[in-house]
Amino acid sequence: MTMGLLEPGRAALALVLALSLGLQERAESCSCSPAHPQQQFCNSEIVIRAKISGEKIVSPSNSSSPYLKMIQYEIKLIKMFKGFEKVKDIQYVYTPVFSSLCGVKLDSSNKVQYLLSGSMWSDGKVSIGLCDFIEPWDNLSMSQKKNLNYRYQMGCDCKIATCYTVPCSTTTDNECLWTDWLLDNSLSGDQARQFACIKRSDGSCSWYRGGPPPEKDFMDMSDP
């Protein structure tokens with residue numbers, strides 16, 4: 001019998017096993033769609049600046065499953081950028097224990113300030129995850145810090161389209177092209193760190209530069 005060939009029954013079994021392993025692998029990982037910081041801001045219900053002063057593992061009282069356990073981070077709120085109408089103060093934020101479920105591991109020594117964004121559960125608890133806008137505050141550019149105050153919010157009616165290949169063009173007037181991946185092979189390039197997509201008076205949207213000019217040019221970067 002020729003090596004490398006499988007009988008039909010064994011081949012079918014191998015295919016089933018391969019598909020099962022593939023599905024299991026995808027189920028055990030956290031997958032996030034590429035998103036500009038402005039998109040992460042606009043898609044979040046809560047955006048804050050805070051220190052993490054403590055953490056503990058909590059779980060629903062009616063479940064013993066380890067996959068339902070959450071990390072409860074105790075925070076010291078420094079500033080709220082979004083969510084004023086939902087909550088006046090935040091004492092805790094919650095994230096899954098496992099990174100495969102998009103859980104976030106943060107420094108709880110009360111030494112690091114973070115930008116945290118997330119959503120609010122029906123019971124009023126704030127949930128954060130790997131797909132949210134979460135960064136040590138000192139890692140943010142000066143432009144990003146300024147954009148958090150009002151520019152990102154001003155652009156929430158705009159659309160940001162990620163360009164992976166050329167040609168890449170806008171499909172509507174209220175759209176900005178995000179070209180960091182094309183120019184830098186990174187989602188943390190100049191557009192992500194220095195620019196916000198802002199609506200103009202005529203209803204169209206364009207990139208607004210909030211800091212020094214980038215080293216590389218990109219499409220559609222005129223100021224409104």
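Among contacts in the protein chain with a separation of 6 or more, 58% are between residues 24 or more positions apart; a contact here means heavy atoms within 4.5 Å. The model is a predicted one, in which local features need pLDDT of at least 70 and side-chain atom pairs count only at pLDDT 80 or more, whereas totals for chains, interfaces and linings use all residues. Residues are numbered from 1 along each chain as its sequence is written, and side-chain values use heavy atoms, with hydrogens and water left out.

The protein chain contains five helices and ten strands. Of its 224 residues, 36% count as buried, that is, under 20% relative accessible area, with exposed meaning over 50% and partly exposed lying in between (1.4 Å probe, protein chains only). The chain exposes about 13,000 Å², of which carbon and sulfur atoms supply 52%; the areas come from the Shrake-Rupley method with a 1.4 Å probe, and for residues only the protein chains shown count as cover.

The disulfides come next. Defined as a pair of cysteine sulfur atoms within 2.5 Å, they number six. With bonded cysteines counted along the chain, their pattern is 1-4, 2-5, 3-6, 7-12, 8-9, 10-11.

One of them joins Cys32 and Cys131, whose sulfur atoms are 2.0 Å apart. Its S-S torsion is -85°, a left-handed link. Cys32 belongs to the loop between helix H1 (8-27) and helix H2 (37-43), and Cys131 to the loop between strand E5 (126-127) and strand E6 (135-136), so the bond ties together parts that are 99 residues apart in sequence. Cys32 is partly exposed at a relative accessible area of 35%, and Cys131 is likewise partly exposed at 33%.

Another disulfide connects Cys158 with Cys205, with an S to S distance of 2.0 Å. It links distant parts of the chain, 47 residues apart: Cys158 sits in the loop between helix H3 (142-154) and strand E7 (159-162), and Cys205 in strand E10 (residues 205-209). Its torsion about the S-S bond is about -85°, and therefore this disulfide is left-handed. Cys158 and Cys205 are both buried.

Cys176 and Cys197 are also joined, at 2.1 Å from S to S. Here strand E8 (residues 175-178) supplies Cys176 and strand E9 (residues 195-199) supplies Cys197, 21 residues apart. The torsion is about 80°, so this disulfide is right-handed. Cys176 and Cys197 are buried.

Conventions: Helix = DSSP H or I, 4+ residues; strand = E, 2+ residues; numbered from the N terminus.
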